[in-house]
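User: Hi! Could you walk me through this model while I have it open?
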Amino acid sequence: MNDFNRYLFIKGFVAEVLKRIDLVCAREESDAEKFRVLGCRNVLRTGNMKYDSIKINIGKFDKKPLFSENDLVFVAGSTRENEEKIVISVYNKLLLSFKNLKLVIAPRYPQRCSEVEKELIKSNILYARKSCLNTFTISDKQCLLVDTIGELVDMYFYATVVFIGGSLFKGA
């Protein structure tokens, strides 16, 4: 029995709970319809608010570019343990053909940044931590290590190519 069928089994109780909610925002229309079936009166299909918000933030980058307009930017976001080593290896190979390639690494858990720093140092990659950036550009660095919360979505704006972490290893 899937989760939705379990909720249908106790639909009366769920409907009473949902009556107390002013608005449910559902990513997909199929999800919205499930809430309606369960008795929710006000359901809005929003799409994927995390990734759709990238479009909303575009205007704020006009004044503060992190990269030069000629840079290509490889963003590796939400990376997990062992993925950064692979990303750095791929970056070094790509750098042979694309001298203007910059790397942005944003570990899923910022407390892992020290581990990532060790890999960057071992690979002789010049980097800056986002929290320590004292200028608006990283022109003298190859890599930006995002050690802050809530800024990854902003990094996607700059991306030429994106890798989303958690996809290389089973159970990541």
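Analyst: Happy to! One term to start with: a salt bridge here is a side-chain nitrogen of Lys or Arg within 4 Å of a carboxyl oxygen of Asp or Glu. Glu29 and Arg36 form such a pair, with their closest N and O atoms 2.8 Å apart. Keep in mind that this is a predicted model.

User: Are Glu29 and Arg36 buried, exposed or partly exposed?
Analyst: Glu29 counts as partly exposed because its relative accessibility is 40%, and Arg36, at 32%, is partly exposed as well.

User: How many salt bridges does the structure hold?
Analyst: There are 12 salt bridges. Another one brings together the side chains of Arg112 and Glu84, at 2.8 Å from N to O. Those two sit 28 residues apart: Arg112 in the loop between E4 and helix H6 (113-122), Glu84 in helix H5. Both Arg112 and Glu84 are buried.

User: And what does Lys130 pair with?
Analyst: Lys130 forms a salt bridge with Glu151, and their closest N and O atoms are 3.1 Å apart. Lys130 is in the loop between strand E5 (127-129) and E6, while Glu151 is in the loop between E6 and helix H7 (152-158), so this pair ties together parts 21 residues apart in sequence. Lys130 is buried, with a relative accessible area of 17%, whereas Glu151 is partly exposed at 21%.

User: Changing topic: what's the overall layout?
Analyst: The protein chain has seven helices and seven strands. Along the sequence they come in the pattern α-α-β-α-β-α-β-α-β-α-β-β-α-β. Of its 172 residues, 35% count as buried.

User: How covered is strand E4?
Analyst: E4 (residues 101-107) is mostly covered, with seven of its seven residues buried. Leu101, Leu103, Ile105 and Pro107 point one way, and Lys102, Val104 and Ala106 point the other way.

User: Which strands does E4 pair with?
Analyst: Strand E3 (residues 72-79) runs parallel to E4 and is joined to E4 by seven bridges. The chain gets from E3 to E4 through helix H5 (residues 83-95), in a right-handed β-α-β crossover. E4 also pairs with strand E6 (residues 143-145), in the parallel sense, over three bridges.

How values were computed:
Residues are numbered from 1 along each chain as its sequence is written. This is a predicted model: local features need pLDDT of at least 70, side-chain atom pairs count only at pLDDT 80 or more; totals for chains, interfaces and linings use all residues. Side-chain values use heavy atoms; hydrogens and water are left out. Helices (H or I, at least four residues) and strands (E, at least two) are DSSP runs, numbered from the N terminus. Buried means under 20% relative accessible area, exposed over 50%, partly exposed in between (1.4 Å probe, protein chains only). Two strands pair if DSSP finds at least two bridges between them. A crossover is right-handed if, with the strands pointing away from the viewer, the path from the first strand over the helix to the second runs clockwise.
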